[in-house]
Amino acid sequence: MSIRPVKTVSGTQTHMEGAGVQLERVFGFGDPSLTDPFLMMDDFRNDDPRLYSAGFPWHPHRGIETITYVLAGTVDHADSLGNNGSLGAGDVQWMTAGSGIMHQEMPKGDKAGRMHGFQLWANLPRDQKMTTPRYQDITSSDIPVEIDDDGTAVRIVSGSFWGRRGPVDGIAADPQYLDISVPPGVRKVLPIDTYRSAFAYIFEGSATFRDASKPFGVLVEKEVDGKEIHLRDMSGDRTLVVFDTGDEIVVQAGDEGVRFLLVTGKPIQEPVAWHGPIVMNTREEIMQAMQDLRSGNFIREGAVGLS
């Protein structure tokens with residue numbers, strides 16, 4: 001057995017997206033080979049409705065899959081194929097945009113005004129980029145949870161883990177998407193497929209991976225006595241850890257425990273041509289997509305509303 005070494009550790013960057021939603025970009029719009037087949041991930045987390053209520057009005061997607069996981073509040077969605085619904089706390093939507101879809105996502109806070117969720121973009125291989133769009137809406141109660149003797153809890157959204165399989169299926173990257181909570185001070189060895197791309201995203205507490213002695217710290221700028229200084233933030237919250245190859249990861253939870261997403265997938269290893277929410281293999285295909293948008297041919301004939 002081989003423990004995966006850590007390739008990179010990084011913090012998030014604040015962005016404004018949609019009609020004015022403040023979010024934290026975990027990764028994206030850089031070198032897509034570093035997280036292949038995953039292209040981008042956002043952490044939208046806020047307790048001020050003014051910073052998220054404008055939402056993400058109608059916009060196109062082609063050539064990718066989007067995975068939305070809601071922890072607090074709700075996300076109302078609708079699309080050009082006639083689908084509509086609402087995702088609540090613990091729910092997941094896996095949307096295969098395929099040949100093209102127009103949709104909107106409008107977040108709402110819970111009774112305390114809190115909104116928290118993640119959106120991950122997964123690439124589609126060349127031979128599936130123009131497939132028929134489809135949705136998989138998964139309610140929280142349908143996601144299995146496995147709890148080990150030491151209190152480690154794993155929500156299995158997709159893929160297999162500890163003998164259980166998540167409800168999402170038929171996805172090109174054959175992903176494993178896990179929401180893992182490890183109690184304070186617990187050291188846990190987790191199995192993982194050797195050659196899949198893999199990353200962990202810490203969003204609560206702190207942890208250290210690969211038997212390191214202290215929690216990961218992210219170098220940040222802070223103002224102290226009117227001066228900008230660099231210091232090491234040891235909280236672990238909003239930390240992305242990208243792994244190299246190996247068949248195990250070791251996580252050592254900090255004093256407050258840790259909760260993180262562990263995501264793996266099969267690399268596609270194809271050229272990426274990227275224009276916002278449209279991801280193809282060549283610049284010519286991007287230009288065709290833009291022409292389709294201008295001419296009203298973006299939604300392909302035969303596409304129908306799907307559940």
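Trainee: What makes strand E22 (residues 239-243) count as largely enclosed by the rest of the structure?

Mentor: Five of the five residues of E22 are buried, so the strand is largely enclosed. Buried means under 20% relative accessible area, exposed means over 50%, and partly exposed lies in between, with a 1.4 Å probe and protein chains only. The strand itself is a DSSP run (E, at least two residues; helices are H or I, at least four), numbered from the N terminus.

This is a predicted model, in which local features need pLDDT of at least 70 and side-chain atom pairs count only at pLDDT 80 or more, while totals for chains, interfaces and linings use all residues. Residues are numbered from 1 along each chain as its sequence is written, and side-chain values use heavy atoms, with hydrogens and water left out.

Trainee: Which residues of E22 point one way and which the other?

Mentor: Thr239, Val241 and Phe243 point one way, Leu240 and Val242 the other way, and all are buried.

Trainee: Why is strand E1 (residues 6-11) called a partner of E22?

Mentor: Two strands pair if DSSP finds at least two bridges between them. E1 and E22 are joined by five bridges and run antiparallel, so they meet the criterion for pairing. Ser10 stands opposite Leu240 in E22. Strand E19 (residues 197-209) is also antiparallel to E22, with four bridges, and Ala200 stands opposite Val241.

Trainee: What makes strand E23 (residues 248-265) mostly covered?

Mentor: In E23, 14 of its 18 residues are buried.

Trainee: Which strands pair with E23, and over how many bridges?

Mentor: Strand E17 (residues 176-182) pairs with E23 in the antiparallel sense over seven bridges, and Leu178 stands opposite Leu262. Strand E18 (residues 187-191) is joined to E23 by five bridges, also antiparallel; the bridge partner of Lys188 in E23 is Val251. E19 and E23 share 11 bridges and run antiparallel, with Glu204 opposite Arg259.

Trainee: Why are strand E5 (56-61) and strand E8 (84-87) said to stand at the edges of their sheet?

Mentor: The sheet is open, has four strands in the order E5-E10-E7-E8, and pairs in the antiparallel sense. E5 and E8 each have a single partner strand, so one side of each is left without a neighbour in the sheet. From one strand to the next the twist averages 25°, an angle between N-to-C directions that runs from 0 to 180 degrees, with axes as lines fitted to C-alpha atoms, for helices over the stretch in contact. Strand E7 (residues 74-79) is joined to E8 by four bridges, and in E8 the partner of Asp76 is Ser86.

Trainee: How do you know what span helix H1 (residues 283-295) should have?

Mentor: The expected span is 1.5 Å times one less than the number of residues. For the 13 residues of H1 that gives 18 Å, and the end C-alpha atoms are 18 Å apart, which agrees. Ile286, Ala289 and Asp292 are buried in H1. They cover an arc of only 115° around the axis, which puts them on the same side of H1; the arc is that of the directions from the helix axis to the C-beta atoms. The face turned away from that buried side carries the exposed residues Arg283, Glu284 and Arg294.

Trainee: What covers the buried residues of H1?

Mentor: The cover includes strand E24 (273-275) and strand E25 (278-280). After the helix comes Gly296, whose phi is positive, near 80°.

Trainee: Why is the pair of Tyr69 and Tyr177 given the name it has?

Mentor: There are 12 aromatic pairs in the structure. Rings of Phe, Tyr and Trp (its six-membered ring) pair if their centres lie within 6.5 Å; planes under 30 degrees apart count as stacked, over 60 as edge-to-face and the rest as tilted. Tyr69 and Tyr177 are 6.0 Å apart centre to centre with 80° between the planes, and the pair is edge-to-face. Tyr69 lies in strand E6 (residues 64-72) and Tyr177 in strand E17, so the pair ties together parts that are 108 residues apart in sequence. Both are buried. Tyr69 and Tyr177 also belong to one aromatic cluster with Trp94, Phe118, Tyr201 and Phe203.

Trainee: How many helices and strands are in the protein chain, and what share of its residues count as buried?

Mentor: The chain has one helix and 25 strands, and 49% of its 307 residues count as buried. Among contacts (heavy atoms within 4.5 Å) between residues at least 6 apart in sequence, 73% join residues at least 24 apart.
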